[in-house]
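This report is meant for someone meeting the structure for the first time. Please look over the sequence and the structure before reading on.

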Amino acid sequence: MAFQIHSLGGYLHEYQKSVADPEGFWEDIASTFFWRKRWDKVLDWNFEGPDVKWFINGKLNITENIFERRLYTHGDQTAIIWEPNDPKEPSTRITYKELYEKVCNFANVLLNNGVKKGDRVAIYMPMIPEAAIAMLACARIGAVHSVVFAGFSATSLADRINDAGVNTVLTTDGAYRGAKPLSIKPIVDEALEKCSSVNKVIVFKRTSEEVQMKNGRDVWWHEETAKVSSENKAEVMDSEDMLFILYTSGSTGKPKGVVHTTGGYMVYSSYTFRNVFQYEDGDVFWCTADVGWITGHSYIVYGPLLSGATVVMFEGIPTYPDAGRFWQVIDKHKVNQFYTAPTAIRSLQAFGNDFITPYDLSSLKLLGSVGEPINEEAWRWYHTFIGKGRVPIVDTWWQTETGGILISPIAGVTPTKPAFATLPLPGVQPIIVDAEGKELKGNGVEGNLCIKFPWPSMLRTTYGDHERCRQTYFSTYKNLYFTGDGVKRDEDGYYRILGRVDDVINVSGHRLGTAEIENAINEHTLVIESAVVGYPHDIKGQGIYAYVICEDLAKNQRTEKVLVNEIIETVSKIIGPIAKPDKIMLVSGLPKTRSGKIMRRILRKIAEGDGSNLGDTTTLLNPEIVDEIKVKAGL
Ligand code: PRX
């Protein structure tokens, strides 16, 4: 590949070029793609609006860059190896040519069902190839996909559908994940009771469980695909046309719809895929993320398929039928690059190495980590027992908003260091600032991580609310994109991500706003007020700790245990099981400042099991409450 970096010198050279002449740098890379019309100008930007545009007036279709660009040379190559949940069910292989036909066919289904360019389509599906086909079919006709992780509740799904004004939902009857099948369609039905904009639901049959089909609204995927051909002419899109919306949590309010556009996202997801993972033609790449998250978008679907790669898509979970499943799949499909989350690594480490021994992992050339800080112990275990001390680990730092990896080693090319994301990729200009926004120059510094220059796949807006985008990312520090992460640059100039500095917590690599969880807890009729903080958790990275003030229990015929369970159920119902609190403490008050602000710092310390360094509590409105909480926490 023209833009693949192969040496440390090459990296340094490319990096310098990308900073000295960002436009020339990205123009060279963008030129390797297929454009219906070349751009007039590479970049226009300001971070005040913000207003960022890449490859201005360029016309293209991203799926033509996956398919038409390569069909002559790559048509018979495997695009997707699908590994089902049940190891006894055969895996399937889909070539680029077959995938192309399926995508075109489903694009015609969408058109036939009234979906038009610019319409928003929600995808609420498990990890089956049809989820990728659905995304690509939307891109083919210029519809904007909004994939919602199929573990989210009906309420969460409804909120996302309503925010984006979705008119079509793509889903399945059920799903297989682990030991028992899960219902999917009934969740969609429940969500749609609250969504007036949706007029079509297309249902793929996966489990064949019986589901209700609403007349005039719900149709079967297999019946619809049989009605239309597999030939489809791609819609010509503008470089800055929306490609997808993906909802993510922040420190305030409901999740926001991060908007990614076509041209820049295409260039950056493909560039980073090729480089970070050093993918060579013929390799088998496996990213274990769900397509419901940005990692699945960029490194299962777009980045790899744009690069003509063979990807493994896995329907199941790491511990079914046992904790050796990942290693069995690596052995079975001779996986070369394996990309997963620290939570999975830590939990599999806890199961012990006997689950690894039966499998041959010698095909591996690289291991990757994403989604949360990886602690040194997990890094070393991964390196020693999975990589056999032989293969590099890329600890890749990025976000839903960044669209692709920003800080990471380039496998085998730039140095690695346990628990460090190390160096920015070419085109990425990080800057560390203190609380006042003053740049902390040089090495051996710690502060807030910002980016000072645009990169092609950065978010353009938050759907329907540009001001929220400005406020959240571009108003904290003038002319900088603020990531929300704390970071350290060590004496060697390597970056280590320290975790969020805002009210966002990262539970098993899933990003959740504490306010969002509090709002869900407060939905319980007996809850008066709540405060949620994160605390260190051995497996999940961070756990969820909720302090809750509630009505009189005896009067309401509840024991503490019953109420706690009800609260957990409420959160699960409103957000989804991933947001269930790990610990709930019922308290009679919350520590507050005189202006009524909850002192989360104190609650965080107590949740960490540290009752000593709470600072001056005498200025609080209710200092006595701190002692009560400490006693309850056993401190
Ligand atoms: O805190 C950082 C953490 O995950 C956040 C982004 O979450 P999300 O948008 O859900 O995307 C996750 C997958 C890209 C970041 O603000 N994070 C992500 N990768 C790393 C990380 N923290 C430390 N090290 C990483 N490699």
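## Basis of the model

The model is a predicted one, in which local features need a pLDDT of at least 70 and side-chain atom pairs count only at pLDDT 80 or more, whereas totals for chains, interfaces and linings use all residues. Residues are numbered from 1 along each chain as its sequence is written, and side-chain values use heavy atoms, with hydrogens and water left out.

## Domains

The chain is divided into domain 1 (8–27 + 254–497), domain 2 (64–74 + 95–235) and domain 3 (508–632), with bounds that come from an automatic or database domain assignment. Between the C-alpha centres of domain 1 and domain 2 the distance is 27 Å. Contact here means heavy atoms within 4.5 Å, and in this sense 26 residues of domain 1 are in contact with 29 residues of domain 2.

## The ligand and its surroundings

There are 17 residues around the ligand, of which Asp395, Thr396, Thr400, Asp485 and Arg511 come nearest; a residue is counted as near if one of its heavy atoms lies within 4 Å of the molecule. By class, this shell has six nonpolar, six polar and five charged residues, where Ala, Val, Leu, Ile, Met, Phe, Trp, Tyr, Cys and Pro count as nonpolar, Asp, Glu, Lys and Arg as charged, and the others, Gly among them, as polar. At least two residues of the shell are supplied by each of helix 11 (294–306), strand 20 (393–396) and strand 25 (495–500). Helices (H or I, at least four residues) and strands (E, at least two) are DSSP runs, numbered from the N terminus.

Several polar contacts, meaning pairs of N or O atoms within 3.5 Å (within protein, one must be able to donate a hydrogen and the other to accept it, and residues adjacent in sequence count only if both atoms are side-chain atoms), can be listed. An oxygen atom of the ligand is 2.6 Å from an N or O atom in the side chain of Asp485, and a polar side-chain atom of Arg500 lies 2.8 Å from an oxygen atom of the ligand. A nitrogen atom of the ligand, in turn, is 3.4 Å from a polar backbone atom of Glu372. Taken alone, the ligand exposes 540 Å², and the protein buries 96% of that; accessible areas come from the Shrake-Rupley method with a 1.4 Å probe, and for residues only the protein chains shown count as cover.

## Helix 13

Helix 13 (residues 342–351) is mostly covered, since seven of its ten residues are buried, where buried means under 20% relative accessible area, exposed over 50%, and partly exposed in between (1.4 Å probe, protein chains only). The buried residues are Pro342, Thr343, Ala344, Ile345, Arg346, Ser347 and Leu348. They pack against helix 12 (325–333), strand 18 (337–340), strand 19 (366–370), helix 14 (376–386) and strand 29 (541–550). Just after helix 13, Gly352 takes a positive phi of about 95 degrees.

## Buried residues in strands

Thr310 is found in strand 17 (residues 310–314) and counts as buried because its relative accessibility is 5%. Its side chain makes a polar contact of 3.2 Å with the side chain of Gln77. Leaving out residues up to four places away in sequence, Thr310 touches Gln77, Thr78, Ala79, Ile81, Tyr279, Asp283, Val284 and Phe285.

Ala175, in strand 9 (residues 174–176), counts as buried because its relative accessibility is 1%. Beyond its neighbours within four places in sequence, Ala175 is in contact with Pro126, Pro181, Leu182, Ile184 and Thr207.

## Buried residues in helices and a loop

Asn105 lies in helix 5 (residues 96–112) and is buried, with a relative accessible area of 11%. A polar atom of the side chain of Asn105 lies 3.1 Å from the backbone oxygen of Ser229. Tyr11, in helix 1 (residues 8–20), is buried at 4% relative accessibility. Although Tyr11 and Pro426 are 415 residues apart in sequence, they are 7.5 Å apart in space, C-alpha to C-alpha.

Ile575 has its place in the loop between helix 17 (560–574) and strand 30 (583–586), and is buried, with a relative accessible area of 3%. Not counting residues up to four places away in sequence, Ile575 touches Phe152, Ser153, Ser156, Glu516, Ile517 and Ala520.
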